[in-house]
Amino acid sequence: MTNVTIEINGKMRNASVPPETTLLELLRDHLNLTGAKLGCDVGDCGACTVIVDGNLVNACLMLAGQVDGRAVLTIEGLATRDRLHPIQKAFEDHASLQCGFCGPGIILSAKALLDENSNPTVQEIKDALSGNLCRCTGYTKMIEAIQEAARVLRAETAERTTPAPAE
């Protein structure tokens, strides 16, 4: 067995799993975090996308032992009980998803992009989504949602960094 201690969505978690266990299996089968999906199981579809130490990874291709001591963000870690993350809200507002199977991976890919680039071009958004396949929709509404989320996130950042007026 492999003992793994990881920070998942801001909380420390421990698990003991067989050495061949993938990160996706650890998340879904051992930690009951089912947002990341098993699609192709070869890293082509992006349904299993999560963020490890700030980098996008296909959880189906990474072994659980490789995340020992690292930080993992899954779709379950984006929203709070009271508020959707601006990317999730924009996807909802723009009706960007149909079945939702690809949604968690696409939303996390968008988050990784916007963490690095607060004002991406359409081409940069397309490039960021290139590892995620959606069979239900075109990507137009997703791109529009990511542009909207970028505007909201920039405005929120500006509010936090703008000093209060002197009295």
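What follows is a short exchange on how the labels for this predicted model are reached.

Me: What makes the fold pattern of this chain?
Reply: The chain has five helices and five strands. Along the sequence they come as β-β-α-β-β-β-α-α-α-α.

Me: Why is Asn9 called partly exposed?
Reply: Its relative accessibility is 23%. Buried means under 20%, and exposed means over 50%. The value for Asn9 falls in between, so Asn9 counts as partly exposed.

Me: Why is Asp53 called partly exposed?
Reply: The same cut-offs, under 20% for buried and over 50% for exposed, are applied. Asp53 has 42% relative accessibility, so Asp53 also counts as partly exposed.

Me: What makes the phi of Asn9 worth a note?
Reply: Most residues other than glycine have a negative phi. Asn9 is not a glycine, yet its phi is positive, near 55°. Asn9 sits in the loop between strand 1 (2–8) and strand 2 (11–17). That hairpin has two residues between its strands.

Me: And what is the phi of Asp53, and where does Asp53 sit?
Reply: Its phi is positive, about 50°, although Asp53 is not a glycine. Asp53 lies in the loop between strand 3 (49–52) and strand 4 (55–58).

Me: How do you know that strand 1 and strand 2 are paired?
Reply: Pairing needs at least two bridges. Seven bridges join strand 1 to strand 2, so they count as a pair. The two strands run antiparallel. One of the contacts across them is Thr5, whose bridge partner in strand 2 is Asn14.

Me: How do you know that strand 1 also pairs with strand 5?
Reply: Strand 1 and strand 5 (residues 71–73) share two bridges. The rule asks for at least two, so the pair qualifies. Its sense is parallel. Ile8 has Val72 as its bridge partner in strand 5.

Me: How do you know that the radius of gyration agrees with a compact globule?
Reply: For 167 residues, a compact globule would have a radius near 15 Å. The chain has 17 Å, which agrees. The C-alpha atoms fill a box of roughly 60 × 45 × 25 Å along the principal axes.

Me: What share of the chain counts as buried, and how much area does the chain expose?
Reply: Of the 167 residues, 40% count as buried. The chain exposes about 9200 Å², and carbon and sulfur atoms supply 48% of that area.

Me: How many charged side chains are there, and how far apart are the centres of the two sets?
Reply: There are 15 positive and 21 negative side chains. The centres of the two sets lie 4 Å apart.

Methods: Residues numbered from 1 in each chain as written. Predicted model: local features only at pLDDT ≥ 70, side-chain atom pairs only at ≥ 80, totals over all residues. Heavy atoms only, no water. Helix = DSSP H or I, 4+ residues; strand = E, 2+ residues; numbered from the N terminus. Buried < 20%, exposed > 50% of the residue type's maximum accessible area, 1.4 Å probe, protein only. Rg over C-alpha atoms; globule rule 2.2 N^0.38 Å. Areas by Shrake-Rupley, 256 points an atom, 1.4 Å probe, with all protein chains shown as cover. Lys, Arg positive; Asp, Glu negative; His and termini not counted. Charge placed at Lys NZ, Arg CZ, Asp CG, Glu CD.
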